[in-house]
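Let's take a look at where oppositely charged side chains pair up in a protein. Have the structure open while you read.

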Amino acid sequence: QVQLVESGGGLVQPGGSLRLSCEASGSILGIADMGWFRQAPGKQRELVATITRGSTTNYDDPVKGRFTISRDNAKNTVYLQMNSLKPEDTAVYYCNAKMLPAGGTRFADYWGQGTQVTVSS
C-alpha cells in the first residue's frame, strides 16, 4: 500500500522555525512532483510549495523568502523548512505527491494525513 507519512509539526512562537518531513512508502515505481498544502480553520486547502523531481520549485506568495521546499529522491522524502513563522501560518499541513504505484498504469495524487502547525506566543 502506497502512503505518505508526515512528521515535524508542533507549536512554535512567532519568528521561530519548524521543519516538516514527508516520506513516501510502499511499492512505488515512480514519484513525480511533490508538494505541501495547508488548510486553516474555516478556509480551503491552499498550495504552499511544490518541487519537481529535478528540484524546480514553486512557492505561494505569502511564504516566498521564508519557506524552503526540498526533496531527497533516494529516500522518497520531501521537506519543508519554515522560518520566520507568523500566526497566519497556523494550519494543518498536508504532503502531496504524484506517484505511480507498482501494478499501476498512471501517476495519481496521494495525500498524507496532515500535521498541525501552530504559531502562537
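Is R38 buried or exposed? This is a predicted model, and in it R38 comes out as buried, because its relative accessibility is 6% and the cut-off for buried is under 20%.

So who does R38 pair up with? Its partner is D89: the two side chains form a salt bridge, with N and O 3.0 Å apart. They come from distant parts of the chain, 51 residues apart, with R38 in strand β4 and D89 in the loop between β8 and β9. D89 is tucked away too, with a relative accessible area of 1%, so it counts as buried.

D89 also has a salt bridge to R66, at 2.8 Å from N to O. R66 sits in the loop between β6 and β7, so this pair ties together parts that are 23 residues apart in sequence. R66 is buried as well, at 10% relative accessible area.

K98 is in strand β9 and D109 in strand β10, so the link joins parts 11 residues apart in sequence. Here K98 is partly exposed, at 34% relative accessible area, and D109 is partly exposed too, at 44%.

Here are these pairs side by side:

| Salt bridge | N to O distance |
|---|---|
| D89 and R38 | 3.0 Å |
| R66 and D89 | 2.8 Å |

Definitions and conventions: Residues are numbered from 1 along each chain as its sequence is written. This is a predicted model: local features need pLDDT of at least 70, side-chain atom pairs count only at pLDDT 80 or more; totals for chains, interfaces and linings use all residues. Side-chain values use heavy atoms; hydrogens and water are left out. A salt bridge is a side-chain nitrogen of Lys or Arg within 4 Å of a carboxyl oxygen of Asp or Glu. Helices (H or I, at least four residues) and strands (E, at least two) are DSSP runs, numbered from the N terminus. Buried means under 20% relative accessible area, exposed over 50%, partly exposed in between (1.4 Å probe, protein chains only).
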